[in-house]
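Please look over the structure below before reading on. The report turns to the contact between two chains and then to the fold of one of them.

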There are 2 protein chains.
Amino acid sequence: MQVMIIGAAGMIGKKLARKILSDRSIGTRSVSRLTLVDIVAPQVDTFSEVEQVCVTADLSTDGAAKRLIASRPDVIFHLAAIVSSDAEADFEKGYLINLDGTRSLLEAIRLQSDTEPYCPKVVFTSSLAVFGVPLPDEIPDDFVLAPLSCYGTQKAIGELLLSDYSRRGFLDGIALRLPTICVRPGKPNKAASGFYSSIIREPLIGQEAILPVPRELRHWFASPRSAVGALLHAATIDLAPLGARRSLNLPGVSASVGEQIEALRRIAGTRATDLIKEVPDPAILRIVSSWPRAFSAERAKNLGFRAEESMDEIIQAHIADELGGTLN
Amino acid sequence: MQVMIIGAAGMIGKKLARKILSDRSIGTRSVSRLTLVDIVAPQVDTFSEVEQVCVTADLSTDGAAKRLIASRPDVIFHLAAIVSSDAEADFEKGYLINLDGTRSLLEAIRLQSDTEPYCPKVVFTSSLAVFGVPLPDEIPDDFVLAPLSCYGTQKAIGELLLSDYSRRGFLDGIALRLPTICVRPGKPNKAASGFYSSIIREPLIGQEAILPVPRELRHWFASPRSAVGALLHAATIDLAPLGARRSLNLPGVSASVGEQIEALRRIAGTRATDLIKEVPDPAILRIVSSWPRAFSAERAKNLGFRAEESMDEIIQAHIADELGGTLN
């Protein structure tokens, strides 16, 4: 089986590539070739018997999607997007990359069947940003699409296109609305959601972290490991039970900031939690207070999607995957 | 005030134009110029003091939207679309006209403010086809978008774009999900929904009509007069209360086919209803049985949108507007 990851230079894309290269299969099907695509050259640092092809390409440029799809991959992970704040700051670029790029990919797949039948599985990463306030405490599976950002609008449109192309038999698509990834590895960043990872990640290595919001604030999380697991699970299951509704809210952990900190204390003690400094930031609070607090995710659970059961598990996953399994 | 109707050669477009030309105003604002746009030359048969400009243009062709918007209309009614069956039969044409055409219009409006501020009101006709089974008996205002046709997908995407462009202040948009228009004037057509009008319209003028579905089948209706009224009402009201959710389910009449026929009998007697011949058509039944049966339409009602209260009123509107007010 040939697999392609578009957006392979991102955090999830890299982890997904490493996992496929290490397993040399997805589910029961072995992977013969993995094509890694991104606008910057994707790099892979794992030795593997799987043939690796790295391609630098921008889906939104003329002919790029067609050239990529000419190799007729069996499974395509489409993770490429510019992030929420960039899509809001540069209106045209956001629509170009996040809408036109996705549509070009779907069109290239549709047109590829002009020569001989072709219907790949397409796993698309969507976002909680397709939802907008007012939100219930727990969002049901069939909640209304009402994005409050360009990014959320572009992802919602991508979902609708993916469902329509699937309904018409041009591809076999699934859109996964990933929870906020926590603990995100790497350095602190300027994303409004950055503190959700920072308040765990930095104290675990003895560094200070800033908490800009009240401890009551609740949000929806899964580990990078769960996100990769969900992408791979989506690539293995029969999607027919989804019918024409190809978008799924994924399971996750609903936790308040206070519960995150309590979990950190249970695992790493007050030595860690004492490193969290409360510095209220009304701008960040305004953004994140409109975000979802929990999902039922029944459809996804019924299809076998799983995430961590608690914030403790999420922190343990971070320690295992990023810190070599132990705390200093 | 300058007004533009895109899709002015269609049934609703023509009626809307006539009403504006006859009233010479929309709400309290007088109309100085009415621009009628369609892919075939729109015609207007009403004498009016309003300046009339007729333009033959296809929004999906390069530069067409920009040329139209250069006149900076204050209110734009965007009714242009290819119909559901055509959008399904010709996938590329459907996306070109119904998605790219709409997006070109929104982009032309956005870019028009490069020279000086411009934020027109845009009234977009969306469709019940944005919803798909399973449907509740009464669809609430914030029901999930899950179209089961290319047309429904394209309309849902148009709604999302309109909301995002409104949120960003590029225009002041509203999308109206019109009920099925009944009684549609003119000749019988091949649309799956055609019989809903035929079984009223033909018997009222002494002609036979075919009923291809069981009398229990229920659907959601409004007269052409109500549809035009809703478009004009949308152009007059303050849209700020809609926030970022710019799409509205409009009020209508929920009636079974049996109730339609009973209303016809009350108004025109068994002489009319005896002209309805039951000829079951499983293909038509399969299509229309997945359509909505009723809507709560609370948001629209709260904003002052009104439709008929009964099928009797809908039939009386047809007799008044199309048959000179009396039955022979």
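## The interface

In this predicted model, chain A and chain B bury about 2800 Å² between them, 56% of it on carbon and sulfur atoms, where buried area is the accessible area (1.4 Å probe) that two parts lose on being put together, summed over both. On the side of chain A, the residues that lose the most area to chain B are A:Phe91, A:Leu160 and A:Arg245, which together make up 22% of what that side buries. The contact, meaning heavy atoms within 4.5 Å, takes 34 residues from chain A and 34 residues from chain B.

Eight salt bridges are found across the interface of chain A and chain B, each being a side-chain nitrogen of Lys or Arg within 4 Å of a carboxyl oxygen of Asp or Glu. One of the salt bridges joins A:Arg110 to B:Glu92, with the closest N and O atoms 2.6 Å apart.

## The fold of chain A

Chain A contains 11 helices and 14 strands, these being DSSP runs numbered from the N terminus (helices H or I, at least four residues; strands E, at least two). The C-alpha atoms of chain A fill a box of roughly 65 × 45 × 40 Å along the principal axes. Of its 328 residues, 56% count as buried, that is, under 20% relative accessible area (1.4 Å probe, protein chains only).

## Conventions

Residues are numbered from 1 along each chain as its sequence is written, and chains are lettered from A and ligands numbered from 1 in the order in which they are written. Local features need pLDDT of at least 70, side-chain atom pairs count only at pLDDT 80 or more, and totals for chains, interfaces and linings use all residues, while side-chain values use heavy atoms, with hydrogens and water left out.

Note on methods. Buried < 20%, exposed > 50% of the residue type's maximum accessible area, 1.4 Å probe, protein only.
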